[in-house]
Amino acid sequence: MRLFVMVVCIFVLPSEIKAGAWAREKGQIFISSGGNFLLSDGAKLPVHYDPTLYLEYGLSDLLTIGLDYHTADQGRIDTGFVFARFPLGDTTGSTRLAASLAFGARVDEFNPLERLVQGGLFWGHGYDKGWYAIDFTGTYGNIDTIFRSKADFTWGYNISDRWTTTLQLQTGEGFSDDVYAKINPAVLFTINDTHRISLGAVKALTGDEGSALKLNIWSTF
């Protein structure tokens with residue numbers, strides 16, 4: 001099953017990048033998938049192959065539901081969530097605020113399935129040529145009974161109708177009670193009205209300070 005999910009994440013062609021604080025339009029489907037490749041020697045934590053699969057659906061103009069799957073800890077831990085996200089305050093201005101509630105599970109080969117609950121708070125500001133965003137989540141598990149936080153800081157700039165560049169700082173607390181930080185610069189190319197591809201790099205600022213190239217594909221239907 002894990003192999004199947006990893007293949008889907010790398011090869012399915014799933015272009016908005018502004019998720020988080022921006023609500024999905026009613027009836028719109030968004031799919032993002034990707035992972036890392038060409039890892040540097042010794043890259044294990046916090047950068048590994050790290051396949052991800054992320055889906056959103058606009059249930060209404062004010063409610064977005066979705067699925068978030070990813071691996072961690074050198075691919076040994078699988079984590080998945082189903083979530084609902086809703087705006088807080090103004091939904092028309094350049095600055096947006098949203099919150100989310102998610103329920104999920106975490107599993108690995110050495111421990112029983114752990115049930116998770118997650119809350120999220122998302123801030124975003126769009127301007128003529130791009131956007132800024134801060135995504136914060138806190139996750140609590142029923143077995144380790146530890147609150148683990150995660151914060152991503154993103155800057156995006158639209159170079160032209162087809163080209164966009166982004167820079168993201170990812171920070172959080174890992175399952176081994178380690179605090180991690182990774183930086184991810186990327187360039188995005190718009191293939192057509194539906195598909196967009198992102199190619200970049202990811203560099204760990206903590207742990208073994210490993211690095212890799214990063215490929216992600218977005219689709220909006």
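Accessible areas come from the Shrake-Rupley method with a 1.4 Å probe; for residues, only the protein chains shown count as cover. Display the surface: the protein exposes about 11,400 Å², and carbon and sulfur atoms supply 64% of it. This is a predicted model, in which local features need pLDDT of at least 70, side-chain atom pairs count only at pLDDT 80 or more, and totals for chains, interfaces and linings use all residues. Residues are numbered from 1 along each chain as its sequence is written, and side-chain values use heavy atoms, with hydrogens and water left out.

Next, select the whole chain. Of its 221 residues, 43% are buried (under 20% relative accessible area, with a 1.4 Å probe and protein chains only). The C-alpha atoms fill a box of roughly 45 × 35 × 30 Å along the principal axes.

Switch to the cartoon view. The protein has 1 helix and 12 strands (DSSP runs: H or I of at least four residues for helices, E of at least two for strands, numbered from the N terminus).

Now select residues 52–60, strand E2, and residues 63–72, strand E3; they run antiparallel and are joined by 8 bridges (strands pair if DSSP finds at least two bridges between them). Leucine 53 has tyrosine 69 in E3 as its bridge partner. The two strands form a hairpin with 2 residues between them.

Terms used:
Buried means under 20% relative accessible area, exposed over 50%, partly exposed in between (1.4 Å probe, protein chains only).
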